[in-house]
Amino acid sequence: MHWTCRILIPLLLCAPPARADLTLSNAIALALAGHPALKAARAQTAAAAGQAQQLSAWPNPELELSATDIPLDDGGLSQSKQMLSITQTLPFPGKKTLDGRIGRQQMIATEREYRVQERELIRNVTLAFYGVLAWQKKTTAVAELVTLTQSLAETTRKRVAAGDTTEQEQLRAEIEVDRAAVETAAAQRELATARRHLAHWLGCDELSPVTGELPVTATLCARPAGHPQLAAAAAQRDRAELEVRRAKLEALPDLTLGVAGGRDRATDATLMEFRVSLPLPLLDRAEGRQRETRALAELARHDLTATEQRLHQEWDVAAARVSAAQTQADVYRTRILPKAEQALKLARNGYAAGKFGFLDLLDTQRTAVEVRLAYYDKLLELNSAAAELDALAGEKENHQ
């Protein structure tokens, strides 16, 4: 017993923990934390912040040490004029302010574009997650069909042995067993494909068991007035308009001031110099840059309008999908599905009592399964449309 405990305790300590079931909220959290596209978008946002900071910075002053009037025949460097100077370029008033504002608008646009990618990732994960849930339900329904057909085939064999029915019905029952097995295998393949699709969006190789239920109702969210794509397009428009103002200042020259001090070693005199440099905008007046920025500003304004129209159109389509799918799912849940289950129950009892024939039970049984499969399709359509609509809603603070 002593040695057994010494062996088992390390094994228990080293055993991997059981993997928890994967819920929709967990799946979204995993994707947001580890998806490479979102990591790249975060890095791009950080780069935009650094660029905005850099645009506001003034140019560095220049320090220069010079020696002039160096005699070549006697004294050399000790008899030269030695000067230490510092120069600073002063941007034309307003340039650096506009540069900083342009950088901040670009940073805002990049942050909003990151939110767009985040929204799209949440939508894709949600669609993939509900796809797995739907195929789990379908696989279960088809597996139940296998059990039902096997039971029916066994009952038919007994009735054939008793002389109550023909061998043709037994063959038909066995065919249904094989068909159900084939459909089960196909559903399992689709489920495996759906799981791989979800694993792709989560950025993992192995997927924990997926748990949850397909919601049976969906709520229409507000129109996309605060959608991050609109915010990004508006920030790009504001940046483009600032670029127009900046281009008008491009031809105005930056002033360079300098001061230098030193000594003339030959005469032992102290020297002081002041320098002013001003470029003359004679050949380049930045006219091409101004035309470019005006055109880009017009493009940004049109892009904002087009983005708003596109988002509202997509919202209308998604809202119509949600409404239609909700109606269909409700009809299936409240009317069609209960009737199919009741019909199957009556057919089974009637067949056992000899009131219904084999074909009646077979048709009713398959109809009941097909109704359940169709119901899961309606629920998947409802939740897929709801996920699309949710991705088009206004900005949210938290994601569930």
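Me: Which residues in H2 meet which in H3?
Reply: Ala31, Leu32, Ala33 and Gly34 in H2 meet Pro36, Leu38, Lys39 and Arg42 in H3. Contact means heavy atoms within 4.5 Å. Helices are DSSP runs of H or I with at least four residues, strands are E runs of at least two, and both are numbered from the N terminus. By class, this contact has five nonpolar residues, one polar and two charged. Nonpolar covers Ala, Val, Leu, Ile, Met, Phe, Trp, Tyr, Cys and Pro; charged covers Asp, Glu, Lys and Arg; the others, Gly among them, are polar.

Me: What about the source and numbering?
Reply: This is a predicted model, where local features need pLDDT of at least 70, side-chain atom pairs count only at pLDDT 80 or more, and totals for chains, interfaces and linings use all residues. Residues are numbered from 1 along each chain as its sequence is written, and side-chain values use heavy atoms, with hydrogens and water left out.

Me: Where is confidence lowest and where is it highest?
Reply: Lowest in helix H1 (residues 2–14), at a mean of 38, and highest in helix H6 (residues 228–250), at 95. pLDDT is the predictor's confidence in each residue, from 0 to 100. The chain mean is 87, and 93% of its residues reach 70 or more. Over residues 1–18 pLDDT stays under 50, and the model has one contact beyond four places in sequence for them.

Me: Back to the helices. At what angle do H2 and H3 cross?
Reply: Roughly 50°, with the axes coming within 6 Å. That makes H2 oblique to H3. Axes are lines fitted to C-alpha atoms, for helices over the stretch in contact, and angles run from 0 to 180 degrees between N-to-C directions. Under 35 degrees is roughly parallel, over 145 roughly antiparallel, 65 to 115 roughly perpendicular, and the rest oblique.

Me: And what is the angle for H3 and H4?
Reply: Their axes cross at roughly 170° and come within 8 Å. That makes H3 roughly antiparallel to H4. The contact residues here divide into ten nonpolar, eight polar and six charged.

Me: New topic: Ser66. Which residues does Ser66 touch?
Reply: Lys81, Gln82 and Met83, leaving out residues up to four places away in sequence. Ser66 lies in strand E1 (residues 62–68). The C-alpha atoms of Ser66 and Met83 are separated by 5.2 Å, though these residues are 17 residues apart along the chain.
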